[in-house]
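Hi everyone, thanks for coming. Let me put the chain up on the screen, and then we can walk through it together.

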Amino acid sequence: MGFNDILRKIFGNKAQRDLKEIEPYVIKTQKAYETVIKLSNDELRDLSNNLKQRIQDYIADEVNRIQELKNSIETTEINLREKIYTEIDKLEKDIIVKNEKILEEILPEAFAVVKDTARRFSENQGITVSATQFDRELAVKYDFVTIQGDKAIYKNEWLAGGNMIKWDMVHYDVQLFGGTVLHKGKIAEMATG
């Protein structure tokens, strides 16, 4: 038995450590999925919109302050602008940290929404929701959305690159693992880059 084998026995390999770190997210996602699967299409859409709003609300103070600072730059004496830019830089870094926190908090629900949306598309020819202005604008531009009265119908087939594509997949837990790893990698990249 070599030195590396001994270290692996004591500490495990990277994949095992990653799996151990990510497994709680998958368990939380599975638990969230049990609730999400019971929602109507409109309720599922509302949950998705609520998750987006939670992110925006969580960083709203910093975003608003950055806008105030940017608006004040033109009327600020040139020798005082560096202080404004420094504050903007600090606020942008604070937003990255806050985004990481809120994204980790909503990650299980967000993955559950994605997984159940995929399930609904794979089991049905389309998903019907109450039509919004966004749906109406999409229906004008694309054939995968149609409006019938006050309902929008999203088809599970669309033309991509000259080929008809049909959604027929529901995400597996291993894909949730991959999404979590990707999320953590992107946050680390944003924080350092």
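So, to start: of the 193 residues of the chain, what percentage count as buried? It comes to 28%, where buried means under 20% relative accessible area with a 1.4 Å probe and protein chains only. Before going on, a word on the source: this is a predicted model, where local features need pLDDT of at least 70, side-chain atom pairs count only at pLDDT 80 or more, and totals for chains, interfaces and linings use all residues. Residues are numbered from 1 along each chain as its sequence is written, and side-chain values use heavy atoms, with hydrogens and water left out.

Now the layout. The chain has seven helices and five strands, which are DSSP runs numbered from the N terminus, helices being H or I with at least four residues and strands E with at least two. Reading from the N terminus, the order is α-α-α-α-α-β-α-β-β-β-β-α.

Let's look at the helices. H4 (residues 60-72) packs against H5 (residues 81-123) at an angle of about 160°, and their axes are 10 Å apart; axes are lines fitted to C-alpha atoms, for helices over the stretch in contact, and angles run from 0 to 180 degrees between N-to-C directions. That makes H4 roughly antiparallel to H5, the term for angles over 145 degrees. Who meets whom here? On the H4 side, the residues include Val63, Ile66 and Leu69, and on the H5 side they include Ile84, Ile88, Leu91 and Ile95. Contact, by the way, means heavy atoms within 4.5 Å.

On to the strands. Three of them form an open antiparallel sheet in the order E1-E3-E2; strands pair if DSSP finds at least two bridges between them. E1 (126-130) and E2 (145-148) are at the edges with a single partner strand each, so one side of each has no neighbour in the sheet. From one strand to the next, the twist averages 25°. E2 pairs with E3 (residues 151-155) over four bridges in the antiparallel sense, and there Val145 has Tyr154 as its bridge partner. Helix H6 (residues 133-141) lies across E1, E2 and E3, at about 120° to E2.

Last stop, the hairpin. E4 (residues 157-160) and E5 (residues 163-166) are antiparallel partners over four bridges, with Trp158 bridged to Ile165. Two residues sit between these strands, and Gly161 takes a positive phi near 60°.

Conventions
Buried < 20%, exposed > 50% of the residue type's maximum accessible area, 1.4 Å probe, protein only. Parallel < 35°, antiparallel > 145°, perpendicular 65-115°, else oblique.
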